[in-house]
Amino acid sequence: MKPYKNKINRIRTFALSLIFIGVVIMYLGIFFRKNEIVMLIFMVLGMLAIIGSTVVYAWIGLLSTKAIQIACPNCGKQTKMLGRVDMCGHCREPLTTDPTLEGKEFDEAYNRPNRNNVDAKENSK
Ligand SMILES: [Zn+2]
């Protein structure tokens with residue numbers, strides 16, 4: 001099961017990995033020095049990945065202006081949340097601005113290992 005992450009953090013991770021992918025692709029192009037066309041394709045693909053990450057970073061900037069800054073009820077730190085449900089960027093506490101969604105969208109998160117383990121231990125007793 002994939003652990004949930006704060007949306008902004010997740011997009012930022014994606015943008016960062018795009019830069020790395022771009023650099024790796026361009027680096028691979030060096031191995032095709034003898035074949036100029038192949039090397040050029042690698043270089044262009046690498047450039048596209050890096051340009052793409054720049055676009056994603058700009059998008060994060062836009063999203064951040066729309067994000068609501070709130071204090072996390074669990075750890076007390078300031079975190080930005082996107083949409084109606086999101087996770088705290090520090091402790092992954094599920095957050096929602098809509099009380100009717102409480103416990104719905106993050107069912108999986110509420111059932112995450114610690115709770116399952118507690119249940120399992122109690123059942124085995
Ligand atoms: Zn928190």
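The paragraphs below go through this predicted model from its overall layout to single residues. Residues are numbered from 1 along each chain as its sequence is written. Because the model is predicted, local features need pLDDT of at least 70 and side-chain atom pairs count only at pLDDT 80 or more, while totals for chains, interfaces and linings use all residues.

The chain holds four helices and four strands, where helices (H or I, at least four residues) and strands (E, at least two) are DSSP runs numbered from the N terminus. Their order from the N terminus is α-α-β-β-β-β-α-α. Of the 125 residues, 11% count as buried. A residue is buried if 20 or more other C-beta atoms lie within 10 Å of its own, exposed if 12 or fewer, and partly exposed in between, with C-beta atoms placed from the backbone. Among contacts between residues at least 6 apart in sequence, 40% join residues at least 24 apart; a contact here means that the two C-beta atoms, placed from the backbone, lie within 7 Å.

Helix α1 covers residues 7–30 and helix α2 residues 36–66, and their axes come within 8 Å and cross at roughly 165°. Axes are lines fitted to C-alpha atoms, for helices over the stretch in contact, and angles run from 0 to 180 degrees between N-to-C directions. The crossing angle therefore makes α1 roughly antiparallel to α2, a word used for angles over 145 degrees, with those under 35 roughly parallel, 65 to 115 roughly perpendicular and the rest oblique. The contact of α1 with α2 has 22 nonpolar, six polar and one charged residues. Nonpolar covers Ala, Val, Leu, Ile, Met, Phe, Trp, Tyr, Cys and Pro, charged covers Asp, Glu, Lys and Arg, and the others, Gly among them, are polar.

Threonine 54 lies in helix α2. With 13 other C-beta atoms within 10 Å, threonine 54 is partly exposed. Its C-alpha atom is 9.1 Å from that of leucine 18, 36 residues away along the chain.

Next come the strands. β1 (residues 68–71) and β2 run antiparallel and are joined by four bridges; two strands pair if DSSP finds at least two bridges between them. Glutamine 69 has lysine 80 of β2 as its bridge partner, and isoleucine 70 stands opposite threonine 79. In a regular strand the side chains alternate between the two faces of the sheet.

Cysteine 72 is in the loop between β1 and β2. It is partly exposed, with 18 other C-beta atoms within 10 Å. Cysteine 88 is 16 residues from cysteine 72 in sequence, and their C-alpha atoms are 6.5 Å apart. Leaving out residues up to four places away in sequence, cysteine 72 touches Lys77, Thr79, Cys88, His90, Cys91, Glu93 and Leu95.

Most residues other than glycine have a negative phi. Arginine 92 is not a glycine, yet has a positive phi of about 65°. Arginine 92 counts as partly exposed because it has 19 C-beta neighbours inside 10 Å.
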